[in-house]
Protein chains: 2
Amino acid sequence: MSLIARLTSSLGDKAVVTDPDVLDSHRNDHASFCTAGVPLVLVRPSSTAEVQEVLRACSEYGVPVVTQGARTGLSGAANALDGCLLLSTSRLDRILEVSVEDQVAVVQPGVVNSALSAAVLEKGLFYPPDPSSWEMSTIGGNIATNAGGLCCVKYGVTGDFVRALEVVLASGEVIRTGRRSVKGVAGYDVTRLIVGSEGTLGVVTEATLALRPAPEAALTAAATFLSIEDGIAAAAAVMASGLRPSLLEFLDGLTARAIQDYRDMGLPADVGSLLIAQSDRGPRAAADVAEIARICTAFGAVEVAEASDAEESRLLLEARRLVNPALELRGVTLVDDIAVPRSKLVALLNGVGEIGAKYDVQIYCPGHVGDGNMHPTVVFDRDDPAAESRALEAFGAVMQLGLSLGGTITGEHGIGKLKRQWLAQELGPIELSLQRQLKSVFDPAGLLNPDKLFL
Amino acid sequence: MSLIARLTSSLGDKAVVTDPDVLDSHRNDHASFCTAGVPLVLVRPSSTAEVQEVLRACSEYGVPVVTQGARTGLSGAANALDGCLLLSTSRLDRILEVSVEDQVAVVQPGVVNSALSAAVLEKGLFYPPDPSSWEMSTIGGNIATNAGGLCCVKYGVTGDFVRALEVVLASGEVIRTGRRSVKGVAGYDVTRLIVGSEGTLGVVTEATLALRPAPEAALTAAATFLSIEDGIAAAAAVMASGLRPSLLEFLDGLTARAIQDYRDMGLPADVGSLLIAQSDRGPRAAADVAEIARICTAFGAVEVAEASDAEESRLLLEARRLVNPALELRGVTLVDDIAVPRSKLVALLNGVGEIGAKYDVQIYCPGHVGDGNMHPTVVFDRDDPAAESRALEAFGAVMQLGLSLGGTITGEHGIGKLKRQWLAQELGPIELSLQRQLKSVFDPAGLLNPDKLFL
């Protein structure tokens, strides 16, 4: 019996998709410049037992498995390889429990982030991790990439909210890592090893997530500066102040001007950088925002706007939201995701400017400045074939720069296929070898997303 | 050449201790009821290179290595085994850097927690993890056990503050895991795997730790209740309120009465439970404490005391600090460390009472109620040999109860030698086997703390 026949027999017709058009539409995630193979089949299990059956069958047939959530990832980690089985979590989409008393949610991996957020908010609770893709991306994908987002400057990243996981191993066996309690130190932290492992160690079939009480109303401030240095210095001062903003975003002048060209936001032509901050502490937010405004002014802000209500806050955040459409209008975008210690941000931004000049490409630099996590975005003309290779060289040079400043090649997007060659450099040969051996413990035959992470 | 001669030759006389009295005094940590072997030698390296030399030599000679900090652990993880080398981190005690801009400290493992806290406070910064042993225990030991403490209810545990580690593997090779930046998702999270691994995966020689701005002045409230149920319900309401107390401690009536017998704290004879809470938000602490007091009253507190200054706060915390001396006066203490979801705390406390009655021992129940992490403490008469075996049975029964309530056998003390038989039960056979294989990746010959964690 073929693998497809076996799975059709055990999971039913509806769970097994071989339509070439559907398969073709599932080959890629949102990453640019990553190749993808032609999958053999797309399977949509609806229970842990069915995931076990899929993995047992794939182990027997030696067929590689690529697990896919909403395919909103930016590094190609969910891309197909030739002859693989695509394991979609789309039918594992139930919120199993929201506990007010324990402040946890128990969910299947296919639950969309925004659906979880809405469900817990109904009970006065809050699931903070908010990657930009939150209206589409799934909790399983968020766990696979240890996704960040805007509010992690205050609340932390996905991994900080994962208490326990049910994971199906390549063998089809199931483990339940972690625990529902807040604390726990029994044995090695396998939960944190699975988080961010990009589908290479197992398939998450259930997650117990920590929640917090719902935040109060938020208010926003935005400040423009004449230089990059002033904006970065103001951001550092905000972080040193103990205010703990719930969002702290930076746009360099180049990005701010691209947004102003796209839509009139009243940004001056000589803007050097723009800082957007938020406090979500309800009645205390106005005082927080006033203090942030005071700090920005002290560090040379030429204009500071403080929102006094939700609508004004939304307008001030608009500039941040327009980054992607504004840049995409200018050409093909290649979004990087490096993170450096905050003290190196000016060096990073200046270095990125030099790299742009050297390779004759535009590099825009928005980012989560409170975490030192920037998204230098190389933009080039889609009709200029030579520009593409210059852009890719610049992309690599930016990662080298990040590493040379004590940072990382990826703050929140992951390695996937896009950055495998640089991972070896970040880890060094000894840790790289160790990490490969860790994968072998979970997946001795190398069937789980085998062309990702490692070259 | 013998191992001792080789290490004396390469590290010098002072680093290699064979005096039997010194060795004898270093056989144990603070755990009760754990056996310890007779070590071959105690070695005190003073650099990463020297740690590498020690591990290379031990690998060549096949001598097991037990790494020791201040030996304040409570599970026997630092206990010697026969013929082992004790690797003391006492000379690796330098604070290498405190960066205000990046809010990080870089330290060697032998730095005492309180020394780090004092050093960073001088720069207006704060290292939150505060195990009760903080005035003696080392950062290396805190990392090895993923230590918790009083203030982790607000700030998190040790692992939440570890950004990067330098680790010497059993082979003598060095890896540098993690990164100095706030975020980073390049490869598997080996840093979190090392945290809490109790010296079984490698020897940490340097740690980059996240810091926070120094907290503001703290104020304390204490409330007495007639029953366990009322105190637990009030604690749950405080946690649900969004106040985020910087400390939330619980004492059951039995413990409260033992303290009152030890020193007059004005606790009534019919006290059912006692709750102590703190807010460290300076000018806002008084309002927080008033709100906590209001919640406690609403949940049936018979008396609520609100401190109005630091001295009154200290007095209210005194009861918590007197737990150990008060209980030790009553007999031999066997301290457990289970954590359960908060919704199971009443079931846990009632079950512990039943276990005490069944085995005819007293079990006191203080704990970090905000995290659901309780320290049921079995106390028995040191002159009654039959009591010891009943106490050990009760100790096991409490862990079984914790597991049956969806909790863990250890919230912050670790497995060490004390709880190896229960670890297998918590993890189950598949994850246990996987965890053993993870150890083998780091330590193929099984030389690093080989008699710990796993039976």
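Select B:R320 and B:E249 in this predicted model. The two residues form a salt bridge, and their closest N and O atoms are 2.6 Å apart. Now show the secondary structure. B:R320 sits in helix α11 (residues 310-321) of chain B, while B:E249 sits in strand β13 (residues 247-252) of chain B. The pair links distant parts of the chain, 71 residues apart. Is B:R320 buried or exposed? B:R320 is buried, and B:E249 is buried too.

Move to B:D288 and B:R281. They form a salt bridge as well, with 2.9 Å between the closest N and O atoms. Both residues are buried.

Next, pick B:D336 and B:K419. Their side chains meet in a salt bridge, at 2.6 Å from N to O. This pair also links distant parts of the chain, 83 residues apart. Look for B:D336 in the loop between β16 (332-335) and β17 (338-339) of chain B. Look for B:K419 in the loop between α14 (385-404) and α15 of chain B. Why does B:D336 count as buried? Its relative accessibility is 0%, and buried means under 20%. B:K419 counts as buried because its relative accessibility is 2%.

**A network in chain A**

Now select A:R263, A:E311, A:R314, A:E318 and A:R321 together. Salt bridges that share partners join these residues into one network. How many salt bridges does a search of the whole structure find? Over all chains, it finds 54.

**The two chains together**

Zoom out and colour by chain. Chain B can be laid on chain A by a turn of 180° and a shift of 0.0 Å along the axis.

Select the contact between the chains. On chain B, 73 residues are in contact with 73 residues of chain A. Do the copies meet through the same surface, or through different ones? What share of the interface residues of chain B are also interface residues in chain A? The share is 100%, so the copies meet through the same surface.

How much area is buried between chain B and chain A? The area is about 5,800 Å², and carbon and sulfur atoms give 59% of it. Highlight B:K183, B:V185 and B:Y188. In chain B, these residues lose the most area to chain A. Together they account for 17% of what that side buries.

**Links across the interface**

Select B:E426 and A:R179. Their side chains meet in a salt bridge, 3.3 Å from N to O. Across the interface of chain B and chain A, the rule finds six salt bridges. The rule also finds 20 residue pairs in polar contact there.

Now colour the elements of chain B that give two or more residues to the side touching chain A. They are β9 (174-178), α7 (190-194), β11 (212-213), α8 (228-240) and α15 (420-442). Which element gives the most? It is α15(B), with 12 residues. On the side of chain B that touches chain A, 29 residues are nonpolar, 25 are polar and 19 are charged.

**One residue at the meeting of chains**

Centre on A:R192. This residue is in helix α7 (residues 190-194) of chain A. A:R192 is buried, because its relative accessible area is 10% and the cut-off for buried is under 20%. Show the side chain. It reaches the backbone oxygen of A:G159 at 3.0 Å. Which residues does A:R192 contact, leaving aside its neighbours within four places in sequence? They are A:G159, A:D160, B:D189 and B:R192.

**Two backbone angles**

Most residues other than glycine have a negative phi. The last two stops go the other way.

Select A:L453. Its phi is near 70°, a positive value in a residue other than glycine. Find A:L453 in the segment after α15 (420-442) of chain A. At 0% relative accessibility, A:L453 counts as buried.

Finish at B:N449. B:N449 is not a glycine, yet its phi is positive, at about 45°. The residue lies in the segment after α15 of chain B. B:N449 counts as buried, with 1% relative accessibility.

Conventions. Residues are numbered from 1 along each chain as its sequence is written. Chains are lettered from A and ligands numbered from 1 in the order in which they are written. This is a predicted model: local features need pLDDT of at least 70, side-chain atom pairs count only at pLDDT 80 or more; totals for chains, interfaces and linings use all residues. Side-chain values use heavy atoms; hydrogens and water are left out. Copies are superposed by least squares on the C-alpha atoms of residues with pLDDT of at least 70 in both. Contact means heavy atoms within 4.5 Å. Buried area is the accessible area (1.4 Å probe) that two parts lose on being put together, summed over both. A salt bridge is a side-chain nitrogen of Lys or Arg within 4 Å of a carboxyl oxygen of Asp or Glu. A polar contact is a pair of N or O atoms within 3.5 Å; within protein, one must be able to donate a hydrogen and the other to accept it, and residues adjacent in sequence count only if both atoms are side-chain atoms. Helices (H or I, at least four residues) and strands (E, at least two) are DSSP runs, numbered from the N terminus. Ala, Val, Leu, Ile, Met, Phe, Trp, Tyr, Cys and Pro count as nonpolar, Asp, Glu, Lys and Arg as charged, and the others, Gly among them, as polar. Buried means under 20% relative accessible area, exposed over 50%, partly exposed in between (1.4 Å probe, protein chains only).
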